[in-house]
Amino acid sequence: MKPRIRNQGHSARRAPVPGVLRPETRTCLDGLRFTPQWLRSLNTSEMQGPHKPLRFRHIFGRVDAHDTIFDVHPTTSTLESSFIKVNRKHIAVVWESGFGSVAVLPREFHGRCNAGLPTVQGNPRPILDIEWNPFNEDLLYTGSEDTNIRLFQIPEEGLKQNLMTPLLTLSGHTRKVMELHAHPLAANVLASVGMENAIRVWDVDKQQNVYTLDCGHTDSVSSFGWSYDGQRLISACRDKKMRMIDPRAPEAVQTFDAQSSAKTGKCMWLGRRDWIAAFNFSKTSQRQILLWDPRHLEAPFSQTVIDQTGSGMIPYYDEDLSCLYFGSRGETQIRYYELTDDAPFVHYTSTFAEGGAIRGLAPLHKKYIDHMGCEVTKLYKLTQTSVETVSFVAPRRADSFQEDLYPETNDDVPAMTSAEYFAGAVKPHPTFKITAGALEQALAAERAKNATLAARVAELEAKLAQMMAAPAAAPASPVPAVEGGIPASAPTPAAADAVEPAASPAEMPQPSA
């Protein structure tokens, strides 16, 4: 008779075979109702075998309660827009009102908003999207239902009273403006899409619509974005197709099938990887992430099922660390994934679920996050009544600067002018090396530059005032008259106007710190 082993211990248990699921787990796959959340979030291709360990699988999120803004009144519009945008100085939120208005708050502001908060009120109809100029922190674009795009300049000290007058207005859309995206490399180049199913590319310096791209859109465009090098656009349309467009050669548009569901989705270009990503719905209404190689658009090379809900997705891609974040409207969760070069390409990392339900998400530039605290991403989450700051941190034992978390990142300075871009120039991204104390040095250099610009502006204003006052202070003397009754030695109106003209507001150097 075989002897009985009372306690085999943990070491005697049968080791699981990598990539093989236990029978009870395989049974759960037949009904997602009983499948764990982590299993539902994985691509089924992840179960085919072992893969490399993830670098950032331990990243966790936290809400900075002391930075929360309360008594916020965002628009009640149901459009698939974020309604919040952030840069180093300002937080802009599309505000609820009977007309188009935007609340602009200092980024370091926290606490409760006053009832009489000054706002940007230069739009007669509701605002549907906003966009900061990425290279001038005081310039804000707004897209409105009245078919116009307006550019506002926020005062250096912030809004002290309602701002009613825009610097300029871009007119050309025939229906309401739905989405705005500034060019990632060229200064004062803006792309917009309207309900007339066309994308327009603007030279803001000249206030001119340079390209109008309909590209065969048979229905409204639900989402679009620039490529990493700024040479191409990707658009997602309600006709269930996506299009890759070169604005300089729109006749060479490439169209491919993107989804089988009629629900609208989002699309974006995944930075240096040069992958195209779509966040949409399957035929069975499952939310999914699809990835394409721009050189092979016949079919996606990766398909990741997320879950089965109908909430719209708001994605953000950290191209420095290859981490993908996205939130869902009406939910509290922010999921994050890590992307790799090997199948299954998209790896679920974790889920952050704190605070209020999401109305919009906006990332902060990597230069201005907390580097000494190992913060890798900072997102500003707009809820129905507040703006919450969500920090994603990579836990490290050491208190010193962790260089591996901060590779060279794209700097927030332009690589070329709008004239160079429309002339066909192609230039790389200016980069910024994040080191211990690099942010403080950059801010000090920017303050010195702003002081120099402010001194130059004061000098020009004094010179202009002196030139305008000179004719009145000149002593009266008999001067022979000429035709028209204007003395020969007196400045003619044309000569008086020949004083060095002031630059247009969009071209004037504006202090940014």
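Buried means under 20% relative accessible area, exposed means over 50%, and partly exposed is in between, with a 1.4 Å probe and protein chains only. Keep that scale at hand for the whole tour.

This is a predicted model, in which local features need pLDDT of at least 70 and side-chain atom pairs count only at pLDDT 80 or more, while totals for chains, interfaces and linings use all residues. Residues are numbered from 1 along each chain as its sequence is written, and side-chain values use heavy atoms, with hydrogens and water left out.

**Stop 1: a buried salt bridge**

Select Asp239 and Arg243. They form a salt bridge (a side-chain nitrogen of Lys or Arg within 4 Å of a carboxyl oxygen of Asp or Glu). Here the closest N and O atoms are 2.9 Å apart. Arg243 has 4% relative accessibility, so it counts as buried. Asp239 is buried too, because its relative accessible area is 18%.

How many salt bridges does a search of the whole structure find? The search finds 29.

**Stop 2: the open sheet**

Next, show β3, β4, β5 and β7. Strands (E, at least two residues) and helices (H or I, at least four) are DSSP runs, numbered from the N terminus. Two strands pair if DSSP finds at least two bridges between them. These four strands make an open sheet in the order β3-β4-β5-β7, with antiparallel pairing.

Which strands stand at the edges? They are β3 (84-86) and β7 (119-123). Each has a single partner strand, so one side of each has no neighbour in the sheet. From one strand to the next, the twist averages 20°. Axes for such angles are lines fitted to C-alpha atoms, for helices over the stretch in contact, and angles run from 0 to 180 degrees between N-to-C directions.

Zoom in on β3 and β4 (residues 90-95). Three bridges join this antiparallel pair. Pick Val86: opposite it, in β4, stands Ile91.

**Stop 3: the loop beside that strand pair**

Now select Lys89, in the loop between β3 and β4. Its salt-bridge partner is Asp138, with the closest N and O atoms 3.0 Å apart. Asp138 lies in the loop between β8 (127-132) and β9 (139-144), so the pair ties together parts that are 49 residues apart in sequence. Lys89 and Asp138 are both buried.

**Stop 4: helix α4**

Jump to helix α4 (residues 438-473), which holds both Glu459 and Arg456. The two are three residues apart, about one turn of the helix. They form a salt bridge, with 3.5 Å between the closest N and O atoms. Are these residues buried or partly exposed? Glu459 is partly exposed, because its relative accessibility is 49%. Arg456 is partly exposed as well, at 42%.

Then select Arg272, Asp318, Asp320 and Lys366. Salt bridges with shared partners join these four into one network.

**Stop 5: ring against ring**

Turn to the aromatic side chains. Rings of Phe, Tyr and Trp (its six-membered ring) pair if their centres lie within 6.5 Å; planes under 30 degrees apart count as stacked, over 60 as edge-to-face and the rest as tilted. The whole structure holds 16 aromatic pairs.

Start with Phe301 and Phe345. This pair is edge-to-face, at 5.0 Å centre to centre and 80° between the planes. Phe301 is in the loop between β22 (287-292) and β23 (302-307), and Phe345 is in the loop between β26 (333-339) and β27 (346-353). The pair links distant parts of the chain, 44 residues apart. Phe301 is partly exposed at 30%, whereas Phe345 is buried at 16%.

Move on to Tyr337 and Tyr348. Their ring centres are 5.6 Å apart and their planes stand at 70°, so this pair is edge-to-face. Tyr337 is in strand β26 and Tyr348 in strand β27, so the pair ties together parts 11 residues apart in sequence. Tyr337 is buried, with a relative accessible area of 1%. Tyr348 is buried at 16%.

Finish this stop with Tyr316, Tyr325, Tyr336, Phe352 and Phe392. Ring pairs link them into a cluster.

**Stop 6: charge over ring**

A charge sits over a ring if NZ of Lys or CZ of Arg is within 6 Å of the ring centre and within 35 degrees of the ring normal. Select Arg273 and Trp275: the charged end of Arg273 sits over the Trp275 ring, 4.9 Å from its centre. Then select Lys367, which lies over the face of Phe432 at 4.5 Å from the ring centre.
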